[in-house]
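Dear colleague,

I am handing over the structure below, together with an account of what was found in it. Please read the two side by side.

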Amino acid sequence: MREENTSWTEFVLVGLQQQKSPTIFLGVDLFMFVIALLGNSLLLFLIKKDSVLQTPMYFFLSQLAFMDLCQVLAVVPQMTVNFVTQKYTISLYGCVVQIFVTLVLGGAECFILATMSYDRYVAICRPLQYPILMRRKICYILSVGVWVWSSVQALCCAVYVLPLPYCKSNVINHIACEYIALMQLSCSDTSAFEKATYLGDFLAFLLPITVILASYIAILLQVLRAHSSERSYKALSTCLSHLFVVGLFYGASILTYMTPVSSYSAQKAMINSVFTTLFPAMMNPFIYSLRNQDVLGALRKLFVKYGLQK
């Protein structure tokens with residue numbers, strides 16, 4: 001521990017070292033990382049190249065794929081390099097940059113998932129108004145709003161933790177930096193900011209979760225009223241698979257960011273981070289694409305074009 005008039009400018013990320021089997025933990029993370037990297041890259045490529053996929057739904061799906069790509073790239077490569085070199089230190093500025101990037105991407109994903117569910121609601125429940133309600137200008141406004149909201153929240157957290165004095169331990173039991181972990185290590189009173197971020201996080205979770213639940217409930221009611229058992233089954237199974245991953249993402253995020261600083265556990269937050277970054281990034285391309293005939297059709301065209309299919 002340091003004296004009160006000094007402050008740490010470098011931190012040690014020991015989350016991987018604290019695992020019972022660091023090699024297995026890293027191996028599982030790398031497996032999910034590779035699948036997420038390939039799946040989301042392929043999805044972005046298909047959406048960019050195929051004219052059939054130039055619709056609002058795929059515009060938002062491309063945003064989600066980009067966010068997932070950036071999230072895994074912000075954490076896993078550094079964790080791997082740390083493990084290989086056995087150097088687990090990170091500077092305060094590096095820590096703050098990582099906090100900003102992960103918060104921007106995580107916050108944006110919270111709202112883009114809600115936007116995607118609203119897009120499906122309009123397409124299924126109000127199809128005649130879809131071209132008007134989801135025209136290109138509206139899609140751009142929704143997208144910009146998602147990034148602006150998440151960027152402002154992330155910037156507030158990053159700017160706040162940067163000048164804080166860190167006279168306690170400089171050890172973070174995590175694979176990445178999180179602003180709550182830094183606040184826990186600070187020797188200054190952060191209670192006012194903690195209350196403000198708690199309110200901001202509450203709204204950031206409440207609004208999109210409300211939109212997602214309302215949209216899927218409306219979709220299911222609409223499909224059930226159609227009196228088509230096959231269509232109802234497909235819609236129900238698709239909604240449940242979406243809700244499963246979304247539930248893990250929001251559940252793990254709430255457990256991490258709605259926890260008071262005094263009871264925050266970096267070790268638990270590290271496990272939760274797998275369900276907010278790696279697992280959704282790995283599963284989203286499959287959930288949103290494998291049952292989608294447009295995406296499968298674009299994939300077949302790609303195989304034919306490059307001679308991978310006779």
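To begin with the cysteines, cysteine 95 and cysteine 177 form a disulfide, with their sulfur atoms 1.8 Å apart, where a disulfide is taken to be a pair of cysteine sulfur atoms within 2.5 Å. Before going further, please note that this is a predicted model, in which local features need pLDDT of at least 70 and side-chain atom pairs count only at pLDDT 80 or more, while totals for chains, interfaces and linings use all residues. Residues are numbered from 1 along each chain as its sequence is written, and side-chain values use heavy atoms, with hydrogens and water left out.

The torsion about the S-S bond of cysteine 95 and cysteine 177 is about -110°, so this disulfide is left-handed. The pair links distant parts of the chain, since cysteine 95 is in helix H3 and cysteine 177 in the loop between E3 and H6, 82 residues apart; helices (H or I, at least four residues) and strands (E, at least two) are DSSP runs, numbered from the N terminus. Both cysteine 95 and cysteine 177 are buried, a word that stands for under 20% relative accessible area, with exposed meaning over 50% and partly exposed in between (1.4 Å probe, protein chains only).

A disulfide also joins cysteine 167 to cysteine 187, with an S to S distance of 2.0 Å. Cysteine 167 lies in the loop between H5 and E3 and cysteine 187 in the loop between H6 and H7, so the pair ties together parts that are 20 residues apart in sequence. Cysteine 167 is buried, with a relative accessible area of 5%, whereas cysteine 187, at 35% relative accessibility, counts as partly exposed. The count comes to two disulfides, and when the bonded cysteines of the protein chain are numbered in sequence order, the pairing is 1-3, 2-4.

Cysteine 156 is in no disulfide, and the nearest cysteine sulfur, that of cysteine 157, is 6.8 Å away. Cysteine 156 is partly exposed, with a relative accessible area of 44%. Cysteine 157 is likewise in no disulfide, but at 8% relative accessibility it counts as buried.

Cysteine 157 is also listed among the buried residues of helix H5, which include Ser143, Val146, Ala154 and Val161. These buried residues pack against helix H2 (56-85), H3, helix H6 (179-185) and H7. Helix H5 (residues 136-161) has 26 residues, which at 1.5 Å a residue should span 38 Å, and its end C-alpha atoms are 38 Å apart, which agrees; the expected span is 1.5 Å times one less than the number of residues.

Threonine 197, found in helix H7 (residues 191-225), is buried, with a relative accessible area of 12%. Leaving aside neighbours within four places in sequence, threonine 197 is in contact with Cys157 and Tyr179, contact meaning heavy atoms within 4.5 Å.

Valine 161 touches Val96, Ile99, Tyr166, Tyr179, Leu182 and Met183, not counting residues up to four places away in sequence.

Alanine 114 also lies in helix H3 and, at 5% relative accessibility, counts as buried. With neighbours within four places in sequence left aside, alanine 114 is in contact with Pro208, Val211 and Ile212.

Finally, the strands form an open sheet of three, in the order E2-E1-E3, with mixed pairing, two strands being paired if DSSP finds at least two bridges between them. Strand E2 (89-91) and strand E3 (171-172) stand at the edges, each with a single partner strand, so one side of each is left without a neighbour in the sheet. Strand E1 (residues 10-13) pairs with E2 in the antiparallel sense over three bridges, and valine 12 stands opposite threonine 89 in E2. Helix H3 (residues 92-125) lies across E1 and E2, running at about 85° to E2, where axes are lines fitted to C-alpha atoms, for helices over the stretch in contact, and angles run from 0 to 180 degrees between N-to-C directions.
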